[in-house]
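Please look over the sequence and the structure shown below.

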Amino acid sequence: MKVALSVLDHIDRAAAVYGDRIGVVDEPDQPDREAASGAARPATSLGDLTYRRFAELAKAQAAGLDRLGVGVGDRVAIVSHNSARLLASFFGVCGSGRILVPINFRLNAKEIAYIVEHSGASVLWIDPELEDALAEVECANTFVLGRDDADIFVEGVAPQAWEPDEDATATINYTSGTTARPKGVQITHRNIWINAATFGWHAGVNDRDVYLHTLPMFHANGWGMPYAVTGMGGQHIVLRKVDGTEILRRVERHGVTLMCAAPAVLSAILDAIPDWEGETPGRDRVRVIAAGAPPPSRTIERIETELGWEMIQIYGLTETSPFLTMNRRRQEWDHLSAAERSQKLVRAGAPGIGVRMATDDEGEVLARSNVVMEGYWEQPDETAKAIRDGWFHTGDGGFIDDDSYLHIQDRKKDVIISGGENVSSIEVEDVLFRHPAVSEVAVIGVPDEKWGETVKALVVLNAGAEVTERELIDHCRDNLAHYKCPTSVEFRDELARTATGKLQKFKLRAPFWEGEERQVRG
Ligand code: AMP
């Protein structure tokens with residue numbers, strides 16, 4: 001009989017084979033402050049957990065959902081900084097047949113309310129630090145992690161058994177893309193399993209790995225690492241918030257071997273080096289998997305030479321679970337100089353096992369694989385646009401070279417990637433249009449030293465209307481997460497359009513991108 005693939009395979013193996021091993025180290029951001037805050041705020045961290053204990057926590061979550069009457073296929077939303085409780089939900093929620101909706105904690109209350117409503121979540125778990133900000137988000141069963149643990153984790157009661165179904169949706173990850181509202185990407189148990197296996201093979205994840213969660217876990221299911229590291233019996237080091245010095249400290253304290261990072265995180269680590277006393281940690285030990293946006297070659301070179309960490313670039317999307325291609329042939333490139341090697345490493349990589357990549361006539365990158373999502377939650381038309389003849393259309397522009405390596409050069413879709421977070425231009429334009437002074441608007445991404453790209457609004461005002469740059473930015477801040485808001489607004493008399501009235505974004509972008517080697521930046 002066929003045995004269905006599911007996330008239970010990962011957690012059950014870890015509990016059985018590595019039960020006594022510390023599987024999860026869940027430290028607060030600033031250990032001293034958490035200790036001093038006493039009863040004022042619930043503890044955000046659970047300390048050290050063996051894999052046996054971690055698996056118990058996941059089961060206790062499932063039992064808690066049983067008690068609430070949450071059925072198989074029902075949605076459970078969670079908004080949290082990285083934490084062991086969030087990590088447990090990848091197994092407790094999904095491993096009991098419910099669907100996990102991990103939400104970006106940087107979104108504002110209105111945006112989160114939309115996702116909770118659109119996904120039809122009947123349960124919402126909130127990080128204690130976000131409780132006040134999210135007070136008005138409505139859901140049938142809202143609990144605060146840490147404070148309401150007795151309701152969330154029902155210990156000592158066996159949860160109802162779930163018969164794994166590999167085609168069942170395990171998670172819905174909302175991602176900003178080509179529409180005004182974020183779309184819910186449905187990832188199945190099979191998608192997760194295959195992504196974790198291939199990512200694990202290509203990155204060489206093993207039971208000696210100590211993995212630092214520098215990436216927000218909500219993002220594309222932590223790029224599959226929650227599953228790959230658990231299944232292999234590696235160790236998770238939870239990091240609640242990104243801070244370059246804290247990353248270096250934890251690399252030293254815990255003997256970290258592996259981490260993932262968007263280019264902005266790599267910059268934060270590099271910025272922390274001048275103030276670091278003594279030798280930086282992890283030389284010839286740490287592997288860094290970079291993606292989310294194209295890391296600049298200079299950043300890659302500096303991580304390799306100044307820290308002695310191995311850089312591995314991957315490419316993928318939330319819609320592809322996310323791993324599609326990986327760039328890792330270090331041994332073969334060892335004889336090259338750092339500068340020559342970084343030219344090789346700047347490519348997005350060769351396809352993983354089971355992934356087929358192609359480009360169409362317009363240079364759009366296409367992928368066909370078992371890691372492609374089931375579809376967009378309750379948006380069949382958007383799904384049909386994205387997956388055509390079995391090929392997923394990534395919206396990225398690039399080419400495949402003679403070695404089968406993918407190069408990403410620009411973006412066909414109207415998305416800006418700032419600090420590794422996707423911003424839909426259309427969503428920002430929509431909000432700006434709602435301002436009474438605005439007649440026309442184009443939102444574009446422009447190069448930025450810190451964030452790779454930053455959001456810029458080009459605005460034509462209604463005749464006689466007056467408004468300042470600051471007022472328009474504040475208007476966006478009332479409606480959108482901070483990272484989506486323009487950092488600058490330029491007032492124009494008109495915007496370049498085609499004969500049919502369509503905005504010519506490439507023309508509007510061009511002056512800002514002059515001299516750049518690619519039309520996208522990380
Ligand atoms: P997300 O769904 O948030 O993971 O965003 C996916 C998008 O990030 C892709 O469509 C690309 O535009 C961008 N991206 C991810 N990895 C890379 C990479 N290695 N190089 C260039 N762009 C990337």
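What is the order of the strands in the open sheet of 3 strands?

## Basis of the report

This is a predicted model, in which local features need pLDDT of at least 70 and side-chain atom pairs count only at pLDDT 80 or more, while totals for chains, interfaces and linings use all residues. Residues are numbered from 1 along each chain as its sequence is written, and side-chain values use heavy atoms, with hydrogens and water left out.

## The open sheet

The order is β24-β25-β26, and the pairing is mixed. Helices (H or I, at least four residues) and strands (E, at least two) are DSSP runs, numbered from the N terminus. Two strands pair if DSSP finds at least two bridges between them. The edge strands are β24 (438-448) and β26 (488-491), each of which pairs on one side only. From one strand to the next, the twist averages 25 degrees. Axes here are lines fitted to C-alpha atoms, for helices over the stretch in contact, and angles run from 0 to 180 degrees between N-to-C directions.

Strand β25 (residues 452-461) runs antiparallel to β24, and 10 bridges join the two. One of the pairs is Ile444 with its bridge partner Lys456 in β25. Helix α17 (residues 469-479) packs on the sheet and touches β24, β25 and β26, where contact means heavy atoms within 4.5 Å. The direction of α17 makes about 130 degrees with that of β26. Helix α18 (residues 505-513) also lies across β24, β25 and β26, and runs at about 40 degrees to β24.

## Strand β3 and its partners

Strands of a sheet pair through backbone hydrogen bonds, either parallel or antiparallel. In which sense do β3 and β4 pair? The sense is parallel, over 5 bridges, and β4 covers residues 99-103. In β4, Ile103 is the bridge partner of Val79. Between β3 and β4 the chain passes through helix α4 (residues 84-92), and this β-α-β crossover is right-handed: with the strands pointing away from the viewer, the path from the first strand over the helix to the second runs clockwise. β3 also pairs in the parallel sense with strand β5 (residues 123-126), over 4 bridges, and Trp125 in β5 is the bridge partner of Ile78.

Why is strand β3 largely enclosed by the rest of the structure? The reason is that 5 of the 5 residues of β3 (residues 75-79) are buried. Buried means under 20% relative accessible area, exposed over 50%, and partly exposed in between (1.4 Å probe, protein chains only). Arg75, Ala77 and Val79 point one way from β3, whereas Val76 and Ile78 point the other way.

## Arg240

Arg240 is in the loop between β10 (235-238) and α10 (244-254). Is Arg240 buried or exposed? Arg240 counts as buried because its relative accessibility is 5%.

The side chain of Arg240 makes a polar contact of 3.2 Å with that of Asp127 and another of 3.3 Å with that of Glu129. A polar contact is a pair of N or O atoms within 3.5 Å; within protein, one must be able to donate a hydrogen and the other to accept it, and residues adjacent in sequence count only if both atoms are side-chain atoms. Leaving aside neighbours within four places in sequence, the residues in contact with Arg240 include Pro28, Asp29, Thr44 and His81.

## Cysteines

How many disulfides does a search of the whole structure find? The search finds 0, a disulfide being a pair of cysteine sulfur atoms within 2.5 Å. For Cys260, the nearest cysteine sulfur is that of Cys94, 18 Å away. Cys260 is buried, at 0% relative accessibility.

The closest cysteine sulfur to that of Cys476 is in Cys485, and the 5.3 Å between them is too far for a bond. Cys476 also counts as buried, because its relative accessibility is 0%.
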